[in-house]
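Hi,

Here is the structure I promised to pass on.

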Amino acid sequence: MHARNILNILSSAAMALTLAACASVAPKRDANNINDVVQFNMDARFAVNYIDQGEDKSMTGKMQWEDTRRATDITLSTPLGNAMAALHVTQNEARVKTSDGHLFVENTPEELTYRLLGYELPLSNVREWIGTKGQSLPKADQGDWHVEYTKTFSDPSLAKRMVVTRLKPSPLTFTLMVDERSDAPGE
């Protein structure tokens with residue numbers, strides 16, 4: 001096996017171990033507290049393609065998303081469903097607590113995913129980009145990100161599949177396929 005292949009395997013293993021050590025820091029939900037009632041949820045699959053030190057890399061997995069009035073909880077899992085990271089995002093911060101007790105806190109989910117993964121995922125924009133019932137899907141270009149909608153639910157204002165690309169500072173493609181969302185029941 002070539003040295004480059006060994007380094008790629010070790011790098012992927014280190015990333016997987018780092019993510020596998022993550023545990024949820026989301027507060028316990030209180031169904032009697034209006035701030036804890038889930039207002040929106042989504043189950044989706046994702047793929048990320050990026051360049052790391054001149055090498056093409058990719059990652060796939062599942063995403064579970066829950067919005068309450070107080071926060072957003074995003075769980076990223078392997079394709080087989082093993083949790084890799086559970087992010088708790090409020091208006092002021094994004095955090096992940098590892099199983100060994102280390103707490104990682106940043107101002108935004110993008111800063112947090114960059115710190116943990118080495119690249120940023122545009123998580124702050126996902127909820128807007130997947131659309132809201134009865135409103136037009138957002139425009140395709142937002143900052144450095146270009147959004148292409150490739151499939152919608154029966155309601156064309158709700159994205160089912162989108163491909164988000166960024167060229168700078170380093171190329172990244174984020175594909176999201178929404179399997180279920182609470183505002184498109186039974187589809």
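A word on terms before the details: helices (H or I, at least four residues) and strands (E, at least two) are DSSP runs, numbered from the N terminus. Keep in mind that this is a predicted model, where local features need pLDDT of at least 70 and side-chain atom pairs count only at pLDDT 80 or more, while totals for chains, interfaces and linings use all residues. Residues are numbered from 1 along each chain as its sequence is written, and side-chain values use heavy atoms, with hydrogens and water left out.

**Overall picture**

The protein chain has three helices and eleven strands, in the order α-β-β-β-β-β-β-β-α-α-β-β-β-β along the sequence. Of its 187 residues, 38% are buried (buried means under 20% relative accessible area, exposed over 50%, partly exposed in between, with a 1.4 Å probe and protein chains only). If we take contacts (heavy atoms within 4.5 Å) between residues at least 6 apart in sequence, 45% of them join residues at least 24 apart. The chain exposes about 10,500 Å², with carbon and sulfur atoms supplying 50% of that; the areas come from the Shrake-Rupley method with a 1.4 Å probe, and for residues only the protein chains shown count as cover.

Mean pLDDT (the predictor's confidence in each residue, from 0 to 100) is 81 for the protein chain, and 79% of the residues reach 70 or more. Confidence is lowest in helix 1 (residues 3–20), with a mean of 39, and highest in strand 11, at 96. Residues 1–26 stay under 50, and the model has 37 contacts beyond four places in sequence for them. Where pLDDT is low, the predicted coordinates should not be read in detail.

**Loops**

The peptide bond from K168 to P169 is cis, with omega near 0°, and P169 sits in the loop between strand 10 (159–166) and strand 11 (172–181). Q53 is not a glycine, yet has a positive phi of about 50°. Q53 is found in the loop between strand 2 (40–52) and strand 3 (55–67), and is exposed at 78% relative accessibility. G143, in the loop between strand 8 (141–142) and strand 9 (145–152), is exposed too, at 77%. G143 is 23 residues from R166 in sequence, and their C-alpha atoms are 9.2 Å apart.

**Salt bridges**

Counting a side-chain nitrogen of Lys or Arg within 4 Å of a carboxyl oxygen of Asp or Glu as a salt bridge, I get six. Here are some of them:

- R166 pairs with E120, the closest N and O atoms being 3.5 Å apart. R166 lies in strand 10 and E120 in the loop between helix 2 (109–117) and helix 3, so the bridge ties together parts 46 residues apart in sequence. R166 is buried at 6% relative accessibility, whereas E120 is partly exposed at 25%.
- D67 pairs with R127, with 3.4 Å between the closest N and O atoms. This one links distant parts of the chain, with D67 in strand 3 and R127 in helix 3 (residues 123–129), 60 residues apart. D67 is buried at 11%, and R127 is partly exposed at 22%.
- R181 and D183 meet at 2.5 Å, N to O. R181 is buried at 3%, and so is D183, at 16%.

Cheers
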